[in-house]
Amino acid sequence: MALDLLVLRGLGLGDLLTAVPALRALRQSFPRHRITLAASAGLAPLLPLTGAVDEQIDVSGPGPVPFDRPDIAVNLHGRGPQSVEALRRTDPGRLISHGAGPPWRDGVHEVRRWCDLLRWYGLEADPADLTFGVSDRTGPVIVHPGAAYPARRWPPERFARVAAALDDVVVTGNAAEVPLAREVAELAGLPPERMLAGRTDLAGLIELVGRARLVVCGDTGVAHLATAFCVPSVVLFGPVSPALWGPPPGWRHVALWAGRKGDPHGTAPDPGLLRIEVSEVVDAALEVTS
């Protein structure tokens, strides 16, 4: 009889990527279990790269989770109460979660948070187990100006000046970010075929980042994808410190931050983000690709 291990992480691209070490730790700790990830169906192209997930059910947010009686349920979503209750409603034999186990701690990097949770329960987890392999780096420079909230979006005219200063640049983004990406590409003087926003699904974006020479972006999921493929990156942080969501040190990633904290869900670019100058970004891009 198969043993079921259910994991909840009903969030976005970057959120799932920061949970990869914890997912791999669960795979190693429970090799006889079938691991089902409750996460957005749109993230499906990413799951084979983790080497840690057998099945997926489509869940966005903290639940409800349509699953019955897993042997183990693991909450990698948050501290609850909605996510904790959603997993309790599946009637698990064992629940691994903040609240039910260790207290939630502020000021912890997101990757380490979930590894620490598993360690509290006696499971080994390595926060450095983040990568999908080393990119061949024969592709273009990616400039990705979008982010989930305006507070994390550096002005498009500044992204355009960075794009104009670098060689072999493409501009990426999802369907909702097409106007923003088009503005950046046009201000940078790039030809239309270099504007890829809205023209690549997640599988296409994974392929593109996987062979990129450099990624320049804000605090968003593409930054974590660059980390996963060991692609050099320059990541611009505003309201949130890179100590909480930034790339690991020493992997040819540069996290630029002015040292100011603010509202990550704000409706205007964060004042700290606006302190980052174009020259800083260009210099960092040239340094990590030299």
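Let's start with helix H6 (residues 156–165) and helix H7 (residues 178–187), whose axes come within 8 Å and cross at roughly 45°. Axes here are lines fitted to C-alpha atoms, for helices over the stretch in contact, with angles from 0 to 180 degrees between N-to-C directions. Helices (H or I, at least four residues) and strands (E, at least two) are DSSP runs, numbered from the N terminus. This is a predicted model, in which local features need pLDDT of at least 70 and side-chain atom pairs count only at pLDDT 80 or more, while totals for chains, interfaces and linings use all residues. Residues are numbered from 1 along each chain as its sequence is written, and side-chain values use heavy atoms, leaving out hydrogens and water.

At the crossing, Pro-156, Glu-157, Phe-159 and Ala-160 of H6 meet Leu-180, Glu-183, Val-184 and Leu-187 of H7, where contact means heavy atoms within 4.5 Å. By class, 6 of the residues in this contact are nonpolar, none polar and 2 charged; nonpolar covers Ala, Val, Leu, Ile, Met, Phe, Trp, Tyr, Cys and Pro, charged covers Asp, Glu, Lys and Arg, and the others, Gly among them, are polar.

Which residues of H6 are buried? They are Pro-156, Arg-158, Phe-159, Ala-160, Val-162 and Ala-163, with buried meaning under 20% relative accessible area (1.4 Å probe, protein chains only). Their cover includes H7, strand E8 (214–218) and helix H12 (278–289).

Now look at strand E1 (residues 3–8), which holds Leu-5. Leu-5 counts as buried because its relative accessibility is 0%. Beyond residues up to four places away in sequence, Leu-5 touches Leu-26, Phe-30, His-33, Arg-34, Ile-35, Thr-36, Ile-72 and Val-74.

Terms used
Buried means under 20% relative accessible area, exposed over 50%, partly exposed in between (1.4 Å probe, protein chains only).
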